[in-house]
Amino acid sequence: MKRLVQGFAAVFIAAFVLMFITHRLNEAEGYGGGKTVTVYNWGDYIDPALIREFEKETGWKVIYQTFDSNEAMMAKIAQGGATFDVAVPSDYAISKMIEEKLLLPLDHRKLPNLRYIEPRFLNLPFDPHNRYSVPYFWGTVGIVYNREMFGGKRMTSWNDLWDPSLRNQILLVDGAREVMGMALNSLGYSLNDTNKAHLQEAKRKLDRLMPNVKAIVGDEIKLLLANEEAAVGVVWSGDAAEIIAENDKLDYVVPKEGSNLWFDNMVIPKTAKNIEGAHAFINFMLDPKHAAQNAEYVGYSTPNRAALRYLPKDIAGDRRFYPDLDSAGHLEVYENLGKHMLAYYNELFLEFKMQQK
Amino acid sequence: MTERAWRNWYLIPYGIWLVLFVVAPIVFLVYESFLDLDGHWTVANYENVLTPIYLKMMAYSFWYAFLITLVSLLIGYPTAYWLTKTRHKQLWLLLLILPMWVNLLLKVYAFLGLLGTYGLANALLQTLGIGARQLLFTDFSFVFVSVYIFIPFMVLPIFNALEELPPSLVDAARDLGASAWTTFRRVVFPLTLGGVKAGCQAVFIPSLSLFMITRLVAGNRVITLGTAIEQHFLVTQNWGMGATIAVVLMIAMAVIVGLTGSGRKEGSR
């Protein structure tokens, strides 16, 4: 018993000493005392050098935290326990957060660099007049395929996926909107279609795709495709860029029928304490040079028109990731379809997944 | 105060714990299961569970949980029996428990590499002349990885039961002329049945609501109720439906425990 008490005492003392040391360290580095900007972003989604540069330039200290899904991020902000000054949700999450009053309006006077953003990426349906958000990165959904395993043919259409030669060769991303959207697009419907007859038709078409589907997976799809576990994958463009960088036999195409155009935007959540610092950070990231440096590091497509000049030609000129938006087929942003429609999409997707080969 | 009154005071921390973290969540879950998407009262969720798609899912969940339990038992019982007979018992037990110290997700990810088309398992099959085949994203790999993860939970209770079996009983049976097989069938197995039940419960119940392995190893080719709960809570945000499936699953588990009886009492005492 005595040994046990002594043991506990030792652990407590050690914990308190460590707490004290971290506190002092934080103070010494300038954290705490309202001089910080807390940024809440996706994992591996910023060039760390830019954070250091921002700290040096402005004197604010950055606390950088990450999340791995919009839903987790929204839940944490809705709870309100932690302070986040800047967050980076995706389009549909933004309209939901506006609806649920989780965001603070932006002061555009404090964001002069907003003028560098490509106008077609502004004033989008999920946030009219960019009252709450400014674009950070954008991309598409498309097909990654292995040219060698696909017999040297080029893929151009969603309907190529239904080719009988691809039996058991396709990996799909585990997202109801992505998979249903792909089927709707392949039939020539909008991926925001709410006509139940069209959705049923899309589901029946998906059922016919099942023999070609090897698996429906999450983030591991990057690893699996790069390892040539399957010849074809339906993925987001950012993931595609990463996969291609790892295995150059792979290629990415945005099918001609159209696809999803998505955005990750910077917002100031209602949990923000340092509104001044949050605006400074957003404006810093909108600077063309910083945006270019970030895009080169992260590999996603920057919405910053002026930044393209600072990007190497082989990145900015890569039509797969910077498609000519006028001729790249019909790209659509996901609309918030409402809870009931989303539930219907998910129900159909679940039924599709339940199909046995 | 009497000894007895003191004892009641000791119950308070546990009582608070029980109310906050056991009773309250179940009450919330049941409450949530009667709400529809707009937060109105409804029994539609329960009607929905009885539609073919969820019934099918339930059947699959039970079938795979049964397979996992059966395979675990078939491997686990001989292992436990052998463990009681070895000399360095503690070492072998440690080796059995050791993988449990490694993060579950990490172990599952390791199987992605091992079972992949160009993984170690297929390389081995090719050297043996059997030829490469698809291992990942099959029923087989799902059951295999699940058994790998759950098998310590099967072996340990059986091992304990076997350890507590007085060797004199086995000797007596042999002295009285029973063959080794009869001894096992009539003496050893019945007396360790409690351990077997405890092990089966410890494997079957968590297997029913597996979700991560279904996506990572089975590539969503196996859909269990656990997957559906995760989807409803995180993706669809249809908490009512997710809660309903969870409630149904809890009732099913209670029925199973009730039917098989609480194995502990007979087993380890």
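Colleague: A salt bridge here is a Lys or Arg side-chain nitrogen within 4 Å of an Asp or Glu carboxyl oxygen. Which side chains of chain A and chain B meet in one?

Modeller: This is a predicted model, where local features need pLDDT of at least 70, side-chain atom pairs need 80 or more, and totals for chains, interfaces and linings use all residues; side-chain values use heavy atoms, without hydrogens or water. Residues count from 1 along each chain's sequence as written, while chains run from A and ligands from 1 in written order. Across the interface of the two chains, the rule finds one salt bridge. At 3.0 Å, N to O, the partners are A:Glu220 and B:Arg215.

Colleague: How many salt bridges does a search of the whole structure find?

Modeller: The search runs over all chains. One of its finds joins A:Arg154 and A:Asp251, 3.8 Å from N to O. The total is 17.

Colleague: How many residues apart are A:Arg154 and A:Asp251?

Modeller: A:Arg154 lies in the loop between β5 and β6 (170-173) of chain A. A:Asp251 lies in strand β9, residues 250-253 of chain A. Helices (H or I, at least four residues) and strands (E, at least two) are DSSP runs, numbered from the N terminus. The pair links distant parts of the chain, and its separation is 97 residues.

Colleague: How much area do chain A and chain B bury between them?

Modeller: Interface size is often given as the accessible area lost when the parts come together. Here that loss is taken with a 1.4 Å probe and summed over both parts. Carbon and sulfur atoms carry 55% of the area that chain A and chain B bury. The total is about 2700 Å².

Colleague: How many residues of chain B are in contact with chain A?

Modeller: Contact means heavy atoms within 4.5 Å. Chain A brings 31 residues to these contacts. Chain B brings 26.

Colleague: Which element gives the most to the side of chain A that touches chain B?

Modeller: Elements giving two or more residues to that side are β7 (213-217), α7 (221-226) and α12 of chain A. The top contributor gives nine residues. That element is α12(A).

Colleague: Which element gives the most to the lining of the second largest pocket?

Modeller: A pocket is an open set of 1 Å grid points where a 1.4 Å probe fits, with protein on both sides within 12 Å along at least five of seven lines; lining residues have an atom within 4 Å of a point. This pocket holds about 360 Å³, and the closest to its centre among its 20 lining residues are A:Ala343, A:Glu347, B:Leu37, B:Asn48 and B:Asn238. Two or more residues each come from α12 (339-354) of chain A and from α2 (44-49) and α3 (52-85) of chain B. With seven residues, the largest share comes from α12(A).

Colleague: How many helices are there in chain B?

Modeller: Read along the sequence, the pattern of chain B is α after α. Its C-alpha atoms fill a box of roughly 75 × 70 × 35 Å along the principal axes. Chain B has zero strands, and its helices number 14.

Terms used. Grid points are joined across faces, edges and corners, and a volume is the space filled by probe spheres set on the points. Buried area is the accessible area (1.4 Å probe) that two parts lose on being put together, summed over both.
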